[in-house]
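Welcome! Let us walk through this structure together, one part at a time.

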Amino acid sequence: MFEQTSKYVGTVDGAMLYITAFSVLMLLLITVAMIYFVIKYRASKNPIPTQYHGNAVIEVIWIVIPTIIVLSMFYYGYTDFSDLRNTKQFDEEYHVTAKMWDWDFKYDNGVITDTLYVPVGKTLKFNITSIDVLHSFYLPAFRIKEDAVPGRNGFIFITPNKTGVYDIACAEYCGVNHWDMYKKLIVMEQDEYSKWYNSQSPDKN
Ligand SMILES: [Cu+2]
């Protein structure tokens with residue numbers, strides 16, 4: 001449905017659609033039931049309110065069915081998240097540091113940039129932290145975000161399968177210039193990336 005920028009985009013969108021579809025279905029069922037009862041028990045037809053007392057069968061049904069639905073939503077979201085979270089192998093690693101109101105991207109060779117350059121088709125690990133307040137490293141096209149917390153290291157993995165320029169945003173309100181924490185993630189062909197990477201040196205920055 002949307003652009004498949006990485007393996008997990010389809011599942012995240014699927015889980016979102018699944019939850020939304022159930023929510024819409026519930027909204028319709030509840031609204032229809034409500035209108036039906038409003039008409040059925042209106043004052044002109046039912047001047048003395050009808051009293052109902054417990055019904056074990058109905059109560060069991062409305063506990064068991066929603067529980068199954070909610071657990072299926074949890075399962076759908078959890079399986080791939082856990083897979084993603086427990087990635088052990090990765091090809092490249094980057095250190096992402098948030099600060100009011102900017103991002104620093106540090107590479108293995110010590111170079112720091114404010115646009116993030118990465119190769120396509122590789123599993124990338126981003127180590128995420130903050131030097132001041134709470135921020136959140138957000139890659140909308142990859143359907144992933146992770147809080148940037150001072151004194152703590154968070155991480156995410158992505159495996160981009162398409163070259164291109166993608167947004168990086170801060171998804172945690174962090175002060176007056178929060179809106180200004182947009183940067184770019186540039187996914188390049190491997191040889192192009194290597195050429196760029198080898199042309200950089202820490203003292204140039
Ligand atoms: Cu921020």
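**A helix in the open**

Keep in mind as you look that this is a predicted model. Let us begin with helix α2: of its 30 residues, the number buried is zero, so α2 lies largely in the open. To be called buried here, a residue needs 20 or more other C-beta atoms within 10 Å of its own.

Now follow α2 from end to end. Its 30 residues reach 42 Å from the first C-alpha to the last, which is close to the 44 Å expected at 1.5 Å a residue. Along the way, at Tyr78, α2 bends by about 25 degrees.

Which helix does α2 meet? The axis of α2 (residues 56–85) comes within 9 Å of the axis of α1 (residues 9–40), and the two cross at roughly 170 degrees. Because angles over 145 degrees count as roughly antiparallel, α1 is roughly antiparallel to α2. On the α1 side, the contact is made by Thr11, Ala15, Tyr18, Ile19 and Phe22. Facing them from α2 are Ile69, Met73, Tyr76, Gly77 and Asp80. Sorted by class, this contact has seven nonpolar residues, two polar ones and one charged one.

Next, move along to Gly175, which you will find in the loop between β9 (164–170) and β10 (183–188). Setting aside neighbours within four places in sequence, Gly175 is in contact with Met100, Trp101 and Val133. Look also at Leu134: this residue and Gly175 are 41 residues apart along the chain, and their C-alpha atoms are separated by 9.7 Å.

Methods:
Residues are numbered from 1 along each chain as its sequence is written. This is a predicted model: local features need pLDDT of at least 70, side-chain atom pairs count only at pLDDT 80 or more; totals for chains, interfaces and linings use all residues. Axes are lines fitted to C-alpha atoms, for helices over the stretch in contact, and angles run from 0 to 180 degrees between N-to-C directions. Helices (H or I, at least four residues) and strands (E, at least two) are DSSP runs, numbered from the N terminus. Angles under 35 degrees count as roughly parallel, over 145 as roughly antiparallel, 65 to 115 as roughly perpendicular and the rest as oblique. Two residues are in contact if their C-beta atoms, placed from the backbone, lie within 7 Å. Ala, Val, Leu, Ile, Met, Phe, Trp, Tyr, Cys and Pro count as nonpolar, Asp, Glu, Lys and Arg as charged, and the others, Gly among them, as polar. The expected span of a helix is 1.5 Å times one less than its number of residues. The bend at a residue is the angle between axes fitted to the seven residues ending there and the seven starting there. A residue is buried if 20 or more other C-beta atoms lie within 10 Å of its own, exposed if 12 or fewer, and partly exposed in between; C-beta atoms are placed from the backbone.
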